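Student: Could you take me through this protein model, one question at a time?

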Amino acid sequence: MEKLKSMIDASDNIVFFGGAGTSTESNIPDFRTADTGLYSSKGQKYPPEVILSHSFFMKYTKEFYRFYKEKMIYPEAKPNLAHLALARLEKQGKLKAVITQNIDGLHQMAGSKNVLELHGSVYRNYCIKCRASYSLDDVVNSIEMVPKCKKCGGIIKPDVVLYEEGLDTYTLEKSIEYIVNADVLIVGGTSLVVYPAAGLIEYYRGNKLILINKSTTPYDHVANLVIQDSIGKVLDCIVGE
């Protein structure tokens, strides 16, 4: 913890790269934790990886939305200690960007301004026919299971990256740029097994790679500092009020 604190104190070019574990302390389940993770969901006709694919969305839109509304949207969730600590670091001028695989918008809710959402956001939605924009409320409060466009009657799709879909090029390039130029790279709450997102840390050129995660990752051996603990607890302890 002392080593982490000295690294953060000495730098004003920190980048944070986070995954689902950053939001579990806000009671949003991650994907791979045994029993509680999304992929351990029982009673589903199809596996979550199939349901959350582009082809499934197009073919079985109603089933997609049933799962999506029940398992992927947490409008009551509040930012946790990790989100708040990162927002404070940005305010202090130390943290240059938050790169996240999450779609829950909690970083922005905590006050972070420069957030790069690799997998999109549940708060942005659009008509696949006329591209009209819709809010999360429009999706949640739609009378039918599948929300329809008020302008053209087309299907509304969440602006989230599904399986079989590519990441947004601009967001990806911007993320790489921040990581390449970072002095300190903090990676937290991610198992680093989902590509292409996990491969981003290979662009880091520095010697202050910090991994904070409850379980081991394939990159632990290349990190300069590994802390296996709650990311909220660790960051709150270091950044504090």
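This is a predicted model: local features need pLDDT of at least 70, side-chain atom pairs count only at pLDDT 80 or more; totals for chains, interfaces and linings use all residues.

The questions below go from charged pairs to cores, a pocket, backbone angles and a helix.

Tutor: Two ground rules come before your questions. Residues are numbered from 1 along each chain as its sequence is written.

Student: How many salt bridges does the structure hold?
Tutor: Side chains of opposite charge can pair when their charged atoms come close. A salt bridge here is a side-chain nitrogen of Lys or Arg within 4 Å of a carboxyl oxygen of Asp or Glu. By that rule, the number of salt bridges is 11.

Student: Which residue forms a salt bridge with Asp-159?
Tutor: The closest N and O atoms of the pair are 3.2 Å apart. Helices (H or I, at least four residues) and strands (E, at least two) are DSSP runs, numbered from the N terminus. Asp-159 lies in strand E6 (residues 156-160) and its partner in strand E4 (residues 120-127), so the bridge ties together parts that are 35 residues apart in sequence. The partner is Arg-124.

Student: Is Lys-157 buried or exposed?
Tutor: Buried means under 20% relative accessible area, exposed over 50%, and partly exposed in between (1.4 Å probe, protein chains only). Lys-157 forms a salt bridge with Glu-165, with the closest N and O atoms 3.4 Å apart. Glu-165 is partly exposed at 24%. Lys-157 has a relative accessible area of 3%, so it is buried.

Student: Which residue forms a salt bridge with Asp-229?
Tutor: Asp-229 has 28% relative accessibility, so it counts as partly exposed. In its bridge, the closest N and O atoms are 3.2 Å apart. The partner is Lys-233.

Student: Which residues is Leu-4 in contact with, leaving aside neighbours within four places in sequence?
Tutor: Contact means heavy atoms within 4.5 Å. Leu-4 is among the residues with the most contacts inside the largest core. Its partners are Ile-210, Ile-212, Leu-225, Ile-227, Val-234 and Ile-238.

Student: What is the volume of the second largest pocket?
Tutor: On a 1 Å grid over the protein atoms alone, a pocket is an open set of points where a 1.4 Å probe fits, with protein on both sides within 12 Å along at least five of seven lines; lining residues have an atom within 4 Å of a point. Of the 15 lining residues, the closest to the centre are Gly-120, Arg-124, Asp-159, Val-161 and Asp-168. Grid points are joined across faces, edges and corners, and a volume is the space filled by probe spheres set on the points. The volume is about 210 Å³.

Student: What is the phi of Arg-131?
Tutor: Most residues other than glycine have a negative phi. Arg-131 lies in the loop between E4 and strand E5 (133-134). At 55% relative accessibility, Arg-131 counts as exposed. Its phi is positive, about 70°.

Student: Where does Glu-164 lie?
Tutor: Glu-164 is not a glycine, yet its phi is positive, near 80°. Its relative accessible area is 60%, so Glu-164 is exposed. It lies in the loop between E6 and helix H8 (169-181).

Student: Which elements do the buried residues of H5 pack against?
Tutor: Eight of the 11 residues of H5 are buried, so this helix is largely enclosed by the rest of the structure. Among the buried ones are His-83, Leu-86, Arg-88 and Glu-90. They pack against H1, E1, E2, helix H6 (106-110) and H9.

How values were computed: Side-chain values use heavy atoms; hydrogens and water are left out. A nonpolar core is a set of buried Ala, Val, Leu, Ile, Met, Phe, Trp, Tyr and Cys residues joined through side-chain atoms within 4.5 Å.
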